[in-house]
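Hi,

Here is the structure I promised to pass on. Have a look, and my notes come after it.

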Amino acid sequence: MDHQHTEHHHHDKAPKNYWLGASLVLAFLAIGGYFLWQYWPTLMINTIKWQREINGQLSDLIYDAKDHNGAIYSLAGLSFLYGVFHSLGPGHGKMIVTTYLATNPAKVKASLIMTVVSAFLQAFVAIALVSILLAFFNSSMREINSAADRFITLSFVAMLLLGVIVAYRALKQAWLLIKQQKHHHAHSHSHSHSHSHSHSHSHSHSHDCGCGHKHFANADEINQATSMREYLAIIASIGIRPCTGAVLVLLFANMVDMYWIGVVSAILMAIGTAITTSTIAIMTLSGKKLVTKYLSASDDHQPSFTPLAFKLLGGILLIVLGTILLNSQSYGMSPVL
């Protein structure tokens, strides 16, 4: 009796907590979105200015490295710092990772692997692109930059497609859930009806009640099947875009006949970027854990639509961001990150 009473009390309390939490999260998102919208142009201009200054220092250090070995260490340090701070700016790599992690089920280990692989892929794409264009096509600096721009456009398209995949999956899972709940309801109704005069009238169905019917697919089962494909799509949409700093350093290093310095510098930038993005990923997951704890549904046996709503929101956000980035690029705005 006590157990029933506390359970009933828990049922009453949960929706209140749930709606309070949900409205707080929405308010926070709305305020954040407004400020981002207001300050985005200023942020972009300042970041471009800051990046030009750093690029100038990097090129000076490469020229100095030809005569002074000490400059090589300064260049190594600055390349690493460039990777760290460059990835703190308004970049689409973080947008993808944070949006995806905040709205989709993801494990810490998988998230870290994803962010680190993406960062290194950016550096390797830059090294491969510049090396091939220099070695086989003897391309000019302008040609190499326009080739890098084409890859950047590709990465925005990949981001848009990732949004479509995530949104489509969320809608598909919601549809399956509705069907399963209808089946579950019809089944439990007929089950209780047939046992109305027997002791098993009180038999209630949980997702592992052992009556031979699978009432709904486990969330983990649904997610694991396709999350690997999504992780690969994320790595592609971030990593296919060559690191702009790395491209520049490689071009300067080639000019002074010290190409290897450019390669080392590009890898150090990737290490810096990986540290920043994985820290942001862990922070996102920790924040999400707190919110999820607060919004946890009252009934453990009934699958909640909340995660799917968040997933759909995440997909839509990625589609919107991808479209904005594609448009801002067509206005000739330098894609900073």
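Below is what turned up, starting with the ground rules.

This is a predicted model, so local features need pLDDT of at least 70 and side-chain atom pairs count only at pLDDT 80 or more, while totals for chains, interfaces and linings use all residues. Numbering starts from 1 along each chain as its sequence is written, and side-chain values use heavy atoms, with hydrogens and water left out.

First, the salt bridge (a side-chain nitrogen of Lys or Arg within 4 Å of a carboxyl oxygen of Asp or Glu). The structure has one: R169 pairs with E230, with 2.3 Å between the closest N and O atoms. It ties together distant parts of the chain, as R169 sits in helix α5 (residues 141-194) and E230 in helix α6 (residues 219-239), 61 residues apart. Helices here are DSSP runs (H or I, at least four residues), numbered from the N terminus.

Next, a helix pair. α4 (residues 108-137) packs against α7 (residues 244-255) at about 35°, with the axes 9 Å apart; axes are lines fitted to C-alpha atoms over the stretch in contact, and angles run from 0 to 180 degrees between N-to-C directions. On the α4 side, A126, I127, V130 and L134 meet A246, V247, L250, L251 and N254 of α7, contact being heavy atoms within 4.5 Å.

Finally, L313 is in helix α9.

Cheers

Methods. Helices (H or I, at least four residues) and strands (E, at least two) are DSSP runs, numbered from the N terminus.
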